[in-house]
Amino acid sequence: MERHEYDVVVIGAGGAGLRAAIEARQQGKRTAIICKSLFGKAHTVMAEGGAAAAMGNVNPDDNWMVHFRDTMRGGKFLNNWRMAELHAKEAPDRVWELEAWGALFDRTKDGKISQRNFGGHEYPRLAHVGDRTGLELIRTLQQRVVALQQEDEREHGDPEAFIKVFAECTVTRLLKDGDAISGAFGYWRETGDFIVFDAPAVVLATGGIGKSYVVTSNSWEYTGDGHALALLAGAKLINMEFIQFHPTGMVWPPSVRGILVTESVRGDGGVLRNSEGRRFMFDYVPDVFKDKYATTEEEGDRWYTDQANNRRPPELLPRDEVARAINAEVKAGRGSPQGGVFLDVSSRLPAAEIIKRLPSMHHQFKELADVDITQEPMQVGPTCHYIMGGVEVDADTGAASVPGLFAAGEVSGGMHGSNRLGGNSLSDLLVFGRRAGLGAAAYIDGLSARPAVAEVADAMAEAVAPLERTGGENPYEVHHELQRTMNDLVGIIRKAGEVAEALQVVEKLKERSKNTGSSGSRIYNPGWHLAIDLRNMLLVSECVARAALLREESRGGHTRDDFPGMSPEWRQKLLVCAAEPDASGVTVEEKVQPSMRGDLISLFERSELEKYLTEDELAEYDAAVKES
Amino acid sequence: MGYKAKFRVWRGEGGEGQLEDFTVEVNEGEVVLDVIHRLQATQAPDLAVRWNCKAGKCGSCSMEINGRPRLGCMTRMSTFEESETITVTPMRTFPVIKDLVCDVSFNYQKAREIPSFTPPKDVKPGEYRMQQIDVERSQEFRKCIECFMCNNVCHVIRDHDENKPAFAGPRFLMRIAELDMHPYDEVDRKDAAQEEHGLGYCNITKCCTEVCPEHIKITDNALIPMKERVVDRKYDPLVWLGSKIFKRSSV
């Protein structure tokens, strides 16, 4: 069997994985990058709007403290505040660094990186390239990896001496020596041959779980691999009940339902209307945001040109608020003909400006839906977009509870609390990708010996099983039923009875998935690959449903019809998921979050905190303010 | 408005294969990739195809549909007659691994042969100042989603494996142009473009531009200007000819 020895194995080659790998290699570690797709195709390419970083290029009043406050507000104060702090402080450096690696962002008049408005961000903050920022980011990181390989070729005669990409390769198990990580086991998609990595440190950067839902903006890769690998290796997941339904996905034609319509449409002036032509978002500004958003269309419109004297339009509320509002309008019978609402930029900007600022939206609607967005409104509705929950990690190093295991980007949890702001994902994966790479390198430096090489017989038997079952169940059908179940029963609005029902279905699907069979050979066999991925999707779906059933409040990406309010007591609590190595026995435990550091909590007004915190916490706040 | 479509899909692995006939349901608004996925789910579970975003942003699902290089996710079924047989084959220029999946490692090899972005050493991150108009030229080329259909269609290598070692293909000649036009890149790339990456093989037939799903004007905006920069040092009759033929009509 093919066997490789590395210092750091990075699983996932999106923004977080590549940034982690670049850092590990720059720290002198021999690094492997493993990705399920070809190099440069990861889901990061689909990010459209931009990377949030308080550079202050457009509005000089912006700084890390404003960004930190916006992030905490967006996450309804459930965020890991240390992560939110590091993120806000380091994002500008991470964006500037990309420029030195060849990225070409759009510019301001004085030649700096331009920044655009986005939901929940007080100032224009997103570094962007039209509406294809994710592509720019991944290409830049990909080209940085190539640059390092060229350097290694000059120095060592081998471009892959210190950093190598294993493309179209899927990891199915992490390997351990005692309590600590010792490597990873997987298969080549192309040949079906097995491959083993012996390595003391593994960085998970596998992204999200959207493929457990029917209507999603996520690609096939988003099967929760890293979430599941971490659980099976003994690490913990937090915040799994919080899933972001992006308010604006395409609703028609059916085959593209869920594909993302960037928030930049609203950031650049687009408005949401119902079938009566009303800008309904004015009816949905929640109390916690009342004083920060415009109350009339005139004020909202003025804000685009004069932010000092006007409040922002409510179309730019955080995503969870907008998604729920659209959901409510459609339910009330005020939706568009194709079951969404209208998103109109055609009456707001000249056609040429729309094509310049939103080229890929223009292209996407024209090619896929026969809609010219410069002439008529789009029809949009919520789509499963991002999971806030993930591997519980140390904020500074990305280390999980299992020694040698690290996680960064969407697969990690905590940074975004109960809801992520648009633009905070691209900056998250740069900031914490780098930190996980550093963390892994430092961990290795502290080891006295490499871990023992692991046995892989069990992992092999597990992976090959679906091919050996003849006449088993069709994995595509099991997958589809899971997607329907999660969409209908653990979707944007949740009820105890429905979530409990979903858990029963998942239980049955777990049994069925153990019986799936895949015909054909081991060579590039998608039916076999899906049968293997099902284990991960089912495990992660169970975590989502169990946590959603326990959290009896509504906050961010978790809305309970039977518990519509936000509870200060629940804000203090995280739900922590664990599982057995055979993917059984998922448990969820409550854990109390540490209180925010005094200097950070003092950045907020008491009147705002009163909406979120318990009396005891407010007393702590008063003491902190007094001290400073 | 669903109907049954006739599909002929290339199936095979290990250098052998044949077109296989399918009759498959098609629904309103679907694209070719949807139909391929339906074949996987209902008739051919091991049918191999690459795909990711399904929105024309990642460049994974390149294939040849009725002989034309296309992204499966951006080719709507409504562009065909219901009675038409739709033939789907893998890209021809690259070795087939299985069914619609090719070995595209040629492209990654070429990417590594082009010297990376090289900024001046004394400009620190955060100090870059560039005007929008100066970055737009390279930005156009950075729209590339690396579907590799331009390299697939380019006749220099489509039926001439022997040219592959000496020719980077439109994708990577465009990458050289992108870096050459980057306001902060310091490497002189002109000689290498011609001598090491085969710019001279290009005779500006514009096939690459025609198939580009991002509508990048590869020939007019990257390859011809690059040839013009090279011509300061070398005489290339095609540049002279191209400037007579193409420049005039594309004004």
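**Sheet, helix pair and chain contact in a predicted model**

In chain A, the strands β13-β16-β15-β14 form, in that order, an open sheet of four with antiparallel pairing, where strands are DSSP runs of E of at least two residues and helices runs of H or I of at least four, numbered from the N terminus, and two strands pair if DSSP finds at least two bridges between them. This is a predicted model, in which local features need pLDDT of at least 70 and side-chain atom pairs count only at pLDDT 80 or more, while totals for chains, interfaces and linings use all residues. Residues are numbered from 1 along each chain as its sequence is written, with chains lettered from A and ligands numbered from 1 in the order in which they are written.

**Sheet of chain A**
- β13 (243-250) and β14 (271-273) of chain A each have a single partner strand and stand at the edges, so one side of each lacks a neighbour in the sheet.
- β14(A) pairs with β15 (residues 341-344) of chain A over three bridges in the antiparallel sense, and A:V271 has A:D344 as its bridge partner in β15(A).

**Contact of chains A and B**
- Chain B contributes 47 residues and chain A 50 residues to the contact, which requires C-beta atoms, placed from the backbone, to lie within 7 Å.
- The elements giving two or more residues to the side of chain B that touches chain A are α1 (32-42), β6 (96-98), α2 (105-113) and α3 of chain B, and α3(B) gives the most, with five residues.

**Helix pair of chain B**
- The contact of α3(B) with α6(B) is made by B:S138, B:F141 and B:R142 of α3(B) and by B:M174, B:A177 and B:E178 of α6(B).

Key. Two residues are in contact if their C-beta atoms, placed from the backbone, lie within 7 Å.
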